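Trainee: I am new to this structure and would like to go through it by question and answer.
Mentor: Go ahead once it is on the screen.

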Amino acid sequence: MTDPAESGRLSVDLGADLAARLRAYSEADRRSVDAVVADAVEEYLGTHPNHEQARAAGLAAMREHEAEYGAFSEVERAEAAAWIDRIMGRSGDDQSGPREGGPLDGRDV
C-alpha cells in the first residue's frame, strides 16, 4: 500500500461553499479539480515565499556581521528596516515587522 504522503495525495476540508465554487470553476474551465487546485497552490507558493526562513537567515547574517564588526548604528538599523519594508512590499500603515529605531535582532518578536 502506498503512503499518501509519498504519492502527493492530500485530503483537505474546504467547506461547502468553497468546494462548490471550486467544482463550478473546474467544470467551467474543463479541468479536473485536482488540476485547478494544483495550479492554485503552485501559484500561491511561487508568490508567497517563506518569510520566516528568509527572516531567520537574515538575522543570523546580522549576528555574524555584528560579531565580526561590532553593533549596527541606529542609522544602519533604520536604513535596513526601510530596505526590508521596500522588498517585502510593506505599506506605511502596516505595523508588523521592525520599524525605524526598533531592534532588528529578533528581540522585537
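Trainee: Which residues make the nonpolar surface patch of about 420 Å²?
Mentor: Keep in mind that this is a predicted model. A residue joins a patch only with over 30% relative accessible area and no salt bridge. The nonpolar patch of about 420 Å² is made by Val33, Val37, Val41, Tyr44 and Leu45.

Trainee: Is Tyr44 buried, partly exposed or exposed?
Mentor: Tyr44 has its place in helix α3, residues 33-47. Buried means under 20% relative accessible area and exposed means over 50%. Tyr44 has a relative accessible area of 48%, so Tyr44 is partly exposed.

Trainee: Which class does Ile84 fall into, buried, partly exposed or exposed?
Mentor: Ile84 lies in helix α5, residues 74-87. The limit for buried is under 20%. The relative accessibility of Ile84 is 24%, so Ile84 counts as partly exposed.

Trainee: What distance separates the C-alpha atoms of Ile84 and Arg55?
Mentor: Along the chain, Ile84 and Arg55 are 29 residues apart.

Trainee: How many helices and strands does the protein have?
Mentor: From the N terminus on, the elements run α-α-α-α-α. The count is five helices and zero strands.

Trainee: What percentage of the residues of the protein count as buried?
Mentor: The protein exposes about 8,900 Å², and carbon and sulfur atoms supply 54% of that area. The protein has 109 residues, and the part of them that counts as buried is 14%.

Key
Residues numbered from 1 in each chain as written. Predicted model: local features only at pLDDT ≥ 70, side-chain atom pairs only at ≥ 80, totals over all residues. Heavy atoms only, no water. Helix = DSSP H or I, 4+ residues; strand = E, 2+ residues; numbered from the N terminus. Buried < 20%, exposed > 50% of the residue type's maximum accessible area, 1.4 Å probe, protein only. Areas by Shrake-Rupley, 256 points an atom, 1.4 Å probe, with all protein chains shown as cover. Patch = residues over 30% accessible without salt bridge, like charges linked within 9 Å, V, L, I, M, F, W, Y side chains within 5 Å. Salt bridge = Lys/Arg side-chain N within 4 Å of Asp/Glu carboxyl O.
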